Amino acid sequence: GAILWSHHELLIQNNRNPVILEGVVKDIDKSSSGKTLYLVFSTADRDAARAAIEVGDTPPGDVLGELKPFLGKNVRVTGTVKVQRVAGLNRPDIMMADSSAVTLAE
């Protein structure tokens with residue numbers, strides 16, 4: 001089944017494993033290079049899980065357009081956990097292959 005975005009330890013334990021993450025999208029952010037877009041589930045916690053999509057050669061605006069309809073919605077994201085170190089904290093990023101990895105949850 002799906003793992004809620006707030007189940008931090010469980011996501012950390014699944015580092016490098018495929019998971020289905022569930023949560024309400026609060027924001028969409030991008031990396032400083034603009035090469036990665038993030039679905040953000042908590043704007044308060046720096047180590048909270050995010051869903052990441054590497055845009056590669058696709059214009060970021062195109063991918064952003066595909067992700068925007070999910071803002072404020074409860075979604076399920078299929079991807080692989082990649083634990084990142086951020087200011088001494090472990091943050092689980094769920095790496096998605098592309099925007100088709102995001103679906104509306106029931």
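This section describes the fold, the strand pairing, the nonpolar core and selected loop residues of a predicted model.

Confidence in the predicted model was considered before its geometry. The protein chain averages a pLDDT of 95, and 100% of the residues score at least 70. Among the elements of the chain, the lowest mean pLDDT, 92, belongs to helix α2 (residues 60-67), whereas the highest, 98, belongs to strand β2 (residues 18-24).

The secondary structure of the protein chain comprises two helices and eight strands, and from the N terminus on these elements follow the order β-α-β-β-β-β-α-β-β-β. The radius of gyration of the chain is 13 Å, close to the 13 Å that the globule rule gives for 106 residues, so the chain is as compact as a globular protein of that length. The C-alpha trace spans about 35 × 35 × 25 Å along its principal axes. Of the 106 residues, 42% count as buried, and the chain exposes about 5900 Å², of which carbon and sulfur atoms supply 49%. When contacts with a separation of 6 or more are considered, 56% of them are accounted for by residues 24 or more positions apart.

Strand β5 (50-54) pairs with two other strands, β4 and β7. With β4 (36-40) it runs antiparallel, the two being joined by five bridges, and within this pairing L37 has I53 of β5 as its bridge partner. With β7 (89-96), by contrast, β5 runs parallel, and four bridges join the two strands; here the bridge partner of R50 is D93 in β7. Four of the five residues of β5 are buried, under 20% relative accessible area, so this strand is largely enclosed by the rest of the structure.

The largest nonpolar core has 23 residues, and those with the most contacts inside it are L39, F41, L67, V77, M96 and V102. Two or more residues are given to this core by each of β2, β4, β5, α2, β6 and β7, and the largest share, three residues, comes from β6 (74-86).

R16, in the loop between α1 (8-13) and β2, has a positive phi of about 70° although it is not a glycine. A87, which lies in the loop between β6 and β7, is likewise a residue other than glycine with a positive phi, in this case near 50°. Both residues count as exposed, the threshold being over 50%: the relative accessibility of R16 is 67%, and the relative accessible area of A87 is 64%. S31 occupies the loop between β3 (27-30) and β4, and at 15% relative accessibility this residue counts as buried. With its neighbours within four places in sequence left aside, S31 is in contact with T36 and Y38.

Methods:
Residues are numbered from 1 along each chain as its sequence is written. This is a predicted model: local features need pLDDT of at least 70, side-chain atom pairs count only at pLDDT 80 or more; totals for chains, interfaces and linings use all residues. Side-chain values use heavy atoms; hydrogens and water are left out. pLDDT is the predictor's confidence in each residue, from 0 to 100. Buried means under 20% relative accessible area, exposed over 50%, partly exposed in between (1.4 Å probe, protein chains only). A nonpolar core is a set of buried Ala, Val, Leu, Ile, Met, Phe, Trp, Tyr and Cys residues joined through side-chain atoms within 4.5 Å. The radius of gyration is taken over C-alpha atoms; the globule rule is 2.2 Å times the number of residues to the power 0.38. Contact means heavy atoms within 4.5 Å. Accessible areas come from the Shrake-Rupley method with a 1.4 Å probe; for residues, only the protein chains shown count as cover. Two strands pair if DSSP finds at least two bridges between them.
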